[in-house]
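Q: I would like a close look at a single part of this model, with the cut-offs behind each term spelled out.

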Amino acid sequence: MGFQIFLGVCLVLIPLVMMVFGGISKNHPPKNINGWYGYRTERSMKSQAAWDFAQRRFAGTFLKGGAILLAPSLAAAVLSCFLDEGPQGILCLVIITVQTVALVLCIPPVEKALNANFDNEGRPKAERGQCEKDSE
């Protein structure tokens with residue numbers, strides 16, 4: 001039974017981490033460009049305006065992604081308790097693979113929004129520095 005609990009925790013770990021870090025980033029985004037904390041890509045680090053925009057956009061994306069993954073992950077965690085070792089392992093492998101892909105898929109929408117709102121030097125594309133409204 002201890003192993004089933006361990007697998008259950010593993011299955012909900014990625015969605016919970018996404019939600020926790022999304023919430024932290026939403027409520028306490030990194031104020032300055034840095035190499036340690038926050039959404040760090042070459043484009044997001046071009047300017048302070050791009051950095052701030054990317055932090056807001058990524059926090060929302062991460063929160064939504066984690067929330068979407070949580071329900072099926074919890075269902076899989078419960079289901080895995082009733083399966084034999086073979087099917088249980090396959091289910092866990094599939095769920096964790098899907099979660100990892102979803103985690104990585106949070107990056108392209110942010111990069112697309114950065115590209116739409118900032119030039120290659122990190123300057124806002126819209127007049128007077130107005131960026132497209134963040135959708136959260």
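Is Thr 61 buried or exposed, and what is its relative accessible area?

A: The model is predicted, so local features are given only where pLDDT is at least 70 and side-chain atom pairs count only at pLDDT 80 or more, whereas totals for chains, interfaces and linings use all residues. Residues are numbered from 1 along each chain as its sequence is written, and side-chain values use heavy atoms, with hydrogens and water left out.

Thr 61 counts as buried because its relative accessible area is 17%, the term buried meaning under 20%, exposed over 50% and partly exposed in between, with a 1.4 Å probe and protein chains only. Thr 61 belongs to helix 2, where a helix is a DSSP run of H or I with at least four residues, numbered from the N terminus. If neighbours within four places in sequence are left aside, Thr 61 is in contact with Cys 106 and Val 110, contact being heavy atoms within 4.5 Å.

Although Leu 105 and Thr 61 are 44 residues apart in sequence, their C-alpha atoms are 9.6 Å apart in space.

Helix 2 has 33 residues and spans 46 Å from its first C-alpha to its last, which is close to the 48 Å expected at 1.5 Å a residue; the expected span is 1.5 Å times one less than the number of residues. At Leu 70, helix 2 bends by about 30°, and the proline Pro 72 follows within four residues, the bend being the angle between axes fitted to the seven residues ending at a position and the seven starting there.

Helix 2 is also a packing partner of helix 1, whose buried residues pack against helix 2 and helix 3 (85–104). Among these buried residues of helix 1 are Leu 7, Leu 11, Val 12, Pro 15 and Met 18. As a general point, an α-helix has 3.6 residues a turn, so residues three or four places apart point the same way. Helix 1 itself has 26 residues and reaches 35 Å between its first and last C-alpha, close to the 38 Å expected, and a kink of about 40° lies at Leu 13, shortly before the proline Pro 15.

How values were computed:
Helix = DSSP H or I, 4+ residues; strand = E, 2+ residues; numbered from the N terminus.
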